[in-house]
Amino acid sequence: KGTHYPIYNSPEFSEMVYEPTKNIALAFLFMIFPKCEKLKQKMEQGAKFLDIGCGNGSLILQLAQAFDNSTFVGIGPDVYGIEFAKTAIAQFELEDRVFVKNLAGENLTYCEEFDMASMVVTLHEIPPAVREKVVEKAYQALKNNGHLLVLDFPYPKKLEDYRNPKFDYGILDQFYEICAGSVHLTNEEQDEILSETGFKDIQRMAIGKGMFDFITAQK
């Protein structure tokens, strides 16, 4: 359980890792959902939402406070992040709608239970050896017509693209995370792994002045 991803071996290290993305939910609330009305309406009406690679639970905690008809499950391999999330869930008294598990994505067993599944700055961090399996497990966890939501850095395909500022964050992130086994995917590689799994209607849009790509794919 949770042994296939890079192991964060202290609470302090986990806190350091999650600090840069602690407000990532703001991108969903103010940049993504306003442009994806159907997703927002589903969340307002009441959706079951799975966050794969939930870290310390910051995304699902903030979404749970914004959409009080929806329920949320977060899974991740970092035991310290999960313990932090459990404490925060209790502090916000969200135990009836927000749940977390110390579990790696390739070990998911859910079947057609969720309306949405997310991978937020996660897809590139999944080791290549199990990446396809994790995407397959996400597909399995979704209900028919459910949506996979992927937020990640764009990454260049051609040598000349390394001079394009839109890829700066992806290139820098790859530089720092190569020692942990992270391998970023180009747009084409992302689309390929999603379509080969069975996802359809794959769409993407730039978020935060091109810092991120937001991808939606339907089961």
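Colleague: Which element of the protein chain has the lowest confidence, and which the highest?
Modeller: Keep in mind that this is a predicted model. Mean pLDDT comes to 89 for the protein chain, with 90% of its residues at 70 or more. Strand E1 has the highest confidence at 98, while the lowest, a mean of 57, belongs to helix H1 (residues 11-18).

Colleague: On to the strands. How many residues of strand E2 are buried?
Modeller: E2 covers residues 71-76, and the strand is mostly covered. On one pairing, E1 (residues 48-52) runs parallel to E2 and is joined to it by 5 bridges. E3 also pairs with E2 in the parallel sense, again over 5 bridges. As for the buried residues of E2, the count is 5 of 6.

Colleague: What is the bridge partner of aspartate 51 in E2?
Modeller: Look along the parallel pairing of E1 with E2. Aspartate 51 has as its partner in E2 glycine 74.

Colleague: Which helix does the chain pass through from E1 to E2?
Modeller: The crossover here is a β-α-β one, and it is right-handed. E2 goes on to form another right-handed β-α-β unit, with H5 and E3. Between E1 and E2, though, the helix is H4 (residues 58-66).

Colleague: What is the bridge partner of phenylalanine 72 in E3?
Modeller: This takes us to the parallel pairing of E2 and E3. For phenylalanine 72, the partner in E3 is valine 98.

Colleague: How far apart are the end C-alpha atoms of H5?
Modeller: H5 has 13 residues, and at 1.5 Å a residue they should span 18 Å. The model agrees with that, with the end C-alpha atoms apart by 19 Å.

Colleague: What arc do the buried residues of H5 cover?
Modeller: The buried ones are Gly81, Ile82, Ala85, Ala88 and Ile89. They sit on the same side of H5, because around the axis they cover an arc of only 125°.

Colleague: Which exposed residues are on the face of H5 turned away from its buried side?
Modeller: An α-helix has 3.6 residues a turn, so residues three or four places apart point the same way. In H5, the face away from the buried side carries Phe84 and Gln91.

Colleague: What about H8: within what arc do its buried residues fall?
Modeller: In helix H8 (residues 187-197), Gln190, Ile193, Leu194 and Thr197 are buried. Seen down the axis, they line one face of the helix, as they fall within an arc of 95°.

Colleague: Which strands are among the elements that cover the buried residues of H8?
Modeller: The cover includes a helix too, H6 (128-141). Among the strands are E5 (142-152), E6 (200-207) and E7 (212-218).

Definitions and conventions. Residues numbered from 1 in each chain as written. Predicted model: local features only at pLDDT ≥ 70, side-chain atom pairs only at ≥ 80, totals over all residues. Heavy atoms only, no water. Buried < 20%, exposed > 50% of the residue type's maximum accessible area, 1.4 Å probe, protein only. Helix = DSSP H or I, 4+ residues; strand = E, 2+ residues; numbered from the N terminus. Arc of directions from axis to C-beta. Contact = heavy atoms within 4.5 Å. Pairing = 2+ DSSP bridges. Right-handed = clockwise from strand over helix to strand, strands pointing away. pLDDT = per-residue confidence, 0-100. Expected span 1.5 Å × (residues − 1).
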